[in-house]
Amino acid sequence: MAGRRYTPRTQTSPTRTTVRAGETHVPPAAPIPHQTTATRTYTPPAPLHLGLTLGPLRRGPADPTFRTTPDGSIWRASRTPQGPGTLRITERDGTVQAQAWGPGADWFLSELPALLGELDDPAPFEPRHRLVAESVRRRAGLRLTRTGLVLENLIPSILEQKITTDEAYRAWRLLLHRHGEPAPGPAGGQDLRMRVMPDPRAWTLIPSWEWHRAGVDNKRASTIIRAAQVARRLEEAAGMEPVQARARLELVPGIGPWTSAETIQRTNGAPDEVTTGDLHLPHTVGFALAGNRDATDEEMLELLAPYAGQRHRAARLILLSGVAPPRRQPKMRRVNIAEW
């Protein structure tokens with residue numbers, strides 16, 4: 001194996017690096033009480049870690065569309081092709097129990113296997129570095145999710161352009177609480193206060209001062225509005241091959257390679273669509289595999305070349321290892337335009 005000398009990480013608590021890779025703590029599941037709602041029992045064909053698989057869908061600890069609860073449940077609220085829906089998932093002894101509410105309940109349950117990574121095939125992946133091999137061992141059950149919902153992954157990715165993740169999470173949270181709608185079923189109540197994001201037309205009707213209040217500049221707001229105006233065509237990308245899907249998204253002005261990769265990784269379960277143009281990822285990959293904390297996109301892609309076809313999976317495993325270059329300068333400054 002090539003690369004820098006690697007000492008296995010023993011820390012178990014999440015870090016910024018592992019959280020970015022989708023690390024989400026899910027407590028042990030409690031039995032699901034009987035409720036009158038749509039349900040499905042699903043047995044994954046291979047070991048499944050719910051937190052690692054669904055973690056990339058969470059946009060911050062207070063994301064109104066994603067919750068984890070002490071009983072071991074993961075809750076999601078989405079606007080499906082059939083309308084708003086809420087999904088509750090628990091896993092016990094290798095079996096997944098799912099409940100769904102709202103007009104989108106049947107769609108949620110029919111797409112459950114894809115959401116939990118059944119269409120993902122990690123078999124071709126072969127670790128080429130000791131760090132990656134150790135991460136594979138420690139992160140058993142990682143699968144790449146496939147949501148099939150483009151706009152709900154595209155819009156928060158646009159919000160994350162050129163700003164800190166904390167600022168983007170705040171904007172997503174405020175916009176959904178002000179312009180979304182309560183999630184169907186018990187998730188919309190006071191305990192969880194989950195929200196379903198606005199429909200495409202509602203995104204286009206958000207006034208300029210509301211974008212400003214959420215800290216979203218005109219460039220990102222305009223990009224979201226343009227995407228919402230062609231939402232039907234963008235949603236078709238979920239059924240395309242990843243390369244064609246990214247090309248479809250990048251037809252919208254303001255959506256570039258970084259945003260399209262971050263979206264298609266989640267919507268299409270694309271194992272090779274590695275993110276380029278990122279502020280931190282090349283440095284993390286370069287440092288982890290070669291001790292190069294100043295690696296460029298080109299150098300990162302060269303290091304990931306042995307994982308051709310699985311580069312996104314390799315990058316996630318590197319992030320999940322927790323290995324990252326030590327900080328040597330202040331973090332990116334937060335800028336809240338709502339205070340201007």
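Start with Trp 107, which is buried at a relative accessible area of 13%; buried means under 20%, exposed over 50% and partly exposed in between, with a 1.4 Å probe and protein chains only. Phe 108 is buried too, with a relative accessible area of 2%.

A word on sources: this is a predicted model, where local features need pLDDT of at least 70 and side-chain atom pairs count only at pLDDT 80 or more, while totals for chains, interfaces and linings use all residues. Residues are numbered from 1 along each chain as its sequence is written, and side-chain values use heavy atoms, with hydrogens and water left out.

Now the pairs. Rings of Phe, Tyr and Trp (its six-membered ring) pair if their centres lie within 6.5 Å; planes under 30 degrees apart are stacked, over 60 edge-to-face, and the rest tilted. Searching the whole structure gives five aromatic pairs. In one of them, the ring centres of Trp 107 and Phe 108 are 6.1 Å apart with planes at 55°, so this pair is tilted.

How are the rings of Trp 172 and Trp 203 arranged? Their centres are 6.5 Å apart and their planes at 10°, so the pair is stacked. Trp 172 sits in helix 7 (residues 165–179) and Trp 203 in helix 8 (residues 200–204), so the pair ties together parts 31 residues apart in sequence. Helices here are DSSP runs of H or I, at least four residues, numbered from the N terminus.

Last, Arg 316 is in helix 16 (residues 311–320) and is buried, with a relative accessible area of 5%.

Note on methods
Helices (H or I, at least four residues) and strands (E, at least two) are DSSP runs, numbered from the N terminus.
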